[in-house]
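Work through the exercises below with the structure open. Try each task before you read its solution.

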Amino acid sequence: MRKSLGVLLVVGTVAVCADAEVATDVFGFQKFFKTKEGSYSWDSRHWANGKARLFDDWKGDGQDPTQWTDDRSSDGGGFYVDGQGTMQMLGSGPRFHINGQQSWATNKQQFQNVEYTGYFKRDALGGKDYGGMVVGVRSGALGHGSSGGNNCDAHTYYARFRNDGKWDFEKEWKHPGSYYRSGAGVGHQDPLWGGAVLPVDKWIGMKYVVYNKDASTVRLEVYIDSTTNATPPGNWELVGVAEDAGQDWSGASSGVATIDGCSYTDAKAAILQAGDAIIMRSDNDHPYYKYVSVREIDPTAPLDGETDVGGSSSSSQGLSSSSGESAPAAIRRTYHPSLENVPVRHFDLLGRRVPAKK
């Protein structure tokens with residue numbers, strides 16, 4: 001279920017049309033938007049195929065049926081999959097790309113309007129303050145200091161549940177420059193855990209939704225599940241919202257107004273367009289991920305209302321075409337498209353909301 005602005009959703013039972021899309025993902029976690037017709041989705045079910053493995057040195061995961069897994073780590077540390085559904089990031093600069101434009105992939109896709117869902121567990125204290133659960137969308141696969149790449153192709157919107165206990169959205173136009181904002185506005189990073197650091201040995205869910213609100217504005221929404229320990233359908237609570245119309249929120253270091261050396265025709269082009277890759281990254285720590293799914297969504301089609309938790313996840317793996325799945329029942333929720341200036345959420349180490357400090 002989902003909480004938003006203090007409203008607890010009640011789960012009831014209603015009939016669902018036979019041609020309705022299943023309102024939970026392949027792992028049973030709640031969806032917020034319908035999948036874009038004809039698009040492909042990525043998920044981590046192949047992490048649970050019973051085959052433990054390590055992939056590194058900028059190689060893909062041979063067990064990924066989509067062929068989209070792309071190791072772009074800065075140090076060659078790579079990633080370890082235990083074969084039971086969990087992936088651990090290794091090395092000092094892990095960069096896990098879900099690259100829909102891999103040259104050897106059979107099916108290719110870019111991501112523009114995205115709903116990301118995944119669970120993260122910090123393995124120990126330490127790591128960079130700006131590390132933690134860090135997810136980026138609309139990025140160019142070779143835009144982050146990669147050999148043969150173009151740093152102007154690094155246009156990325158990140159959502160971060162940071163190691164230092166803060167949360168923010170980070171905007172990057174040209175690598176390595178970037179700037180951030182949170183509920184308190186541009187240049188601010190709000191506390192998420194009541195002043196404490198990101199908890200250790202706790203499964204924390206992030207749902208990150210990014211879409212074009214209109215012809216000139218990008219909207220970012222980030223939610224947290226801090227209470228279920230990765231139990232479907234999740235207990236999603238809104239953390240924050242931001243909107244960007246180009247130059248009002250700079251993607252350059254220290255918030256400067258211009259991006260030098262890039263051939264953007266205007267400030268909006270680089271942020272409104274689709275990207276090749278979804279990024280999961282951290283720095284100087286070795287966190288775990290599981291139950292990850294990424295879908296291209298129809299932002300005009302929220303999954304609203306209230307129904308039973310129904311529709312079991314499919315056991316098939318790989319690219320799933322969104323031609324309109326059906327299920328006997330599904331979770332649905334009330335969507336608030338005009339949410340602005342959302343109050344900052346604070347949580348204690350058990351994931352319970354606590355009042356913000358005055």
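## Exercises on a predicted model

**Exercise 1.** Find the nonpolar surface patch that contains Leu125, and decide whether Leu125 is buried or exposed.

*Solution.* The model is predicted. Step one: list the members. Leu125, Val197 and Val200 make up a nonpolar patch on the surface. Together they have about 260 Å² of accessible area. Step three: apply the cut-off. Exposed means over 50% relative accessible area. Leu125 has 64% relative accessibility, so Leu125 counts as exposed.

**Exercise 2.** Which strands pair with S11, and in what sense?

*Solution.* Step one: look at strand S12 (residues 156-162). S11 pairs with S12 in the antiparallel sense, over six bridges. Here Gly132 stands opposite Arg162. Step two: look at strand S20 (residues 277-281). S11 and S20 run antiparallel and are joined by four bridges. Here Val134 faces Arg281 as its opposite residue. Step three: check burial. Eight of the eight residues of S11 (residues 132-139) are buried, so S11 is largely enclosed by the rest of the structure.

**Exercise 3.** Describe the partners and the two faces of strand S18 (residues 218-225).

*Solution.* Step one: take S17 (residues 204-212). Eight bridges pair S17 with S18, antiparallel. Gly205 has Asp225 as its bridge partner. Step two: take S19 (residues 236-244). Seven bridges join S19 to S18, again antiparallel. Leu220 has Ala242 as its bridge partner. Step three: check the faces. Val218, Leu220, Val222 and Ile224 are buried on one side. Arg219, Glu221, Tyr223 and Asp225 are buried on the other.

Key. Residues numbered from 1 in each chain as written. Predicted model: local features only at pLDDT ≥ 70, side-chain atom pairs only at ≥ 80, totals over all residues. Heavy atoms only, no water. Buried < 20%, exposed > 50% of the residue type's maximum accessible area, 1.4 Å probe, protein only. Pairing = 2+ DSSP bridges. Patch = residues over 30% accessible without salt bridge, like charges linked within 9 Å, V, L, I, M, F, W, Y side chains within 5 Å. Areas by Shrake-Rupley, 256 points an atom, 1.4 Å probe, with all protein chains shown as cover. Salt bridge = Lys/Arg side-chain N within 4 Å of Asp/Glu carboxyl O.
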